[in-house]
Amino acid sequence: MQEIKIVKAKTLKEKPDSTNLGFGKYFTDHMFMMEYTEGKGWENARIVPFDYIPIHPASTVLHYGAEIFEGMKAYKTKDGFQMFRPLENIRRMNDSAERLCLPALPEEFTLKALKELISLDYAWIPEKEGTSLYIRPFMFGNDESLGVHAVHRATFVVILSPVGNYYAEGLNPVKISIESEDVRAVRGGTGYAKCGGNYAASMRAGKRAAAKGFSQVLWLDGVERKYIEEVGAMNVMFKINGEIITPMLTGSVLPGITRKSCIEILREWGYKVTERLISVDELIGAAKDGTLEEAWGTGTAAVISPIGHLVYQDVDHVVADNKIGELAQRLYNELTGIQWGRVEDKRGWCVKVEK
Ligand SMILES: *Cc1c(COP(=O)(O)O)cnc(C)c1O
């Protein structure tokens, strides 16, 4: 593949205060871009100063929502910088691309582009405990025509944002409402793809839940409204009677990389982990009879997010005394330990980034 052209920013921005980063509010000095044209492939790979992207008013993404994205992080370790399982994200982006008829990315080249961008903006990787550099690759259909058809042109961009903890609460139990009206995705739809449209469809339930003081909603399947799918931007796991149960990947659930990593770690630790359908009745039954020992969400942004309250049909079920469960804490320590280089990376999950 081609070389990456680099145009450096003439003036560098002031870095934000690392004690109050929040999530996705600040952006680094540079971004990566390239364009795809059918018949020609990806071209014009470049790192340029972070800026607005001019877009044609008829661009496919603005009318038909052809957009996919990824979310991953780079971490400051004691002797450098590293990313966590980046090829998993690139491969998942290609699965999303296939679903939305967007072009595939060359895997190794995309990884190289990420590394070059991060190494140019490495001074933005925050150092404070719990902070990291969030990496947001995204791709959109960019045909300059209103015709409805698979895209012929696409744009791929990577932007970087120094972030703190995803939740203002940090690693504290969150309150989750089980959504029985709206649905996020159905089998055969785009649920397994990381695409903007899924989020657009989920905003209303999220907004209503937030107005009632919930952090996120727990989605049920779109057909029977019976089986647990996932939480907002996280997968979900339950510890019931010592066994870990997580919804199986039916096509309407996003295949999380944190989910996959937790399953691998939990099995190594000797836990029985089962991926299967779990109904809301089974879950609420376990909450009532005390066999639901812990519940937590898994995702890149928050890593592990313990669930302290599950509210279904206006009844509040307290989980693990609304405290951080022992296993959720252990998983959080293991994963963040690997990511920040404090725990030995036995599985070869981290990829170093050179300055
Ligand atoms: C990104 C995402 C997740 C979590 O995936 P990770 O790879 O663990 O970050 C879960 N659910 C949805 C809907 C997502 O978009």
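Predicted model: local features only at pLDDT ≥ 70, side-chain atom pairs only at ≥ 80, totals over all residues.
Me: Which residue does R91 form a salt bridge with?
Reply: R91 pairs with E107, and their closest N and O atoms are 3.2 Å apart. R91 sits in helix α2 (residues 86-99) and E107 in helix α3 (residues 107-120), so the pair links distant parts of the chain, 16 residues apart.

Me: Are those two buried, exposed or partly exposed, and why?
Reply: R91 is partly exposed because its relative accessible area is 38%. E107 counts as partly exposed too, at 30%.

Me: New topic: where are E334 and R347?
Reply: E334 is in helix α7 (residues 326-339), while R347 is in the loop between α7 and β18 (350-353). They form a salt bridge, with the closest N and O atoms 3.5 Å apart.

Me: And is E334 buried or exposed?
Reply: E334 is buried, because its relative accessible area is 13% and buried means under 20%. R347 is buried as well, with 17%.

Me: Which residues do shared partners join into one network?
Reply: That network is made of R85, E88, K260 and E264.

Me: Last one: what does R208 pair with?
Reply: R208 forms a salt bridge with E181, the closest N and O atoms being 3.6 Å apart. R208 belongs to helix α4 (residues 196-211), and E181 lies in the loop between β9 (174-178) and α4.

Conventions. Residues numbered from 1 in each chain as written. Heavy atoms only, no water. Salt bridge = Lys/Arg side-chain N within 4 Å of Asp/Glu carboxyl O. Helix = DSSP H or I, 4+ residues; strand = E, 2+ residues; numbered from the N terminus. Buried < 20%, exposed > 50% of the residue type's maximum accessible area, 1.4 Å probe, protein only.
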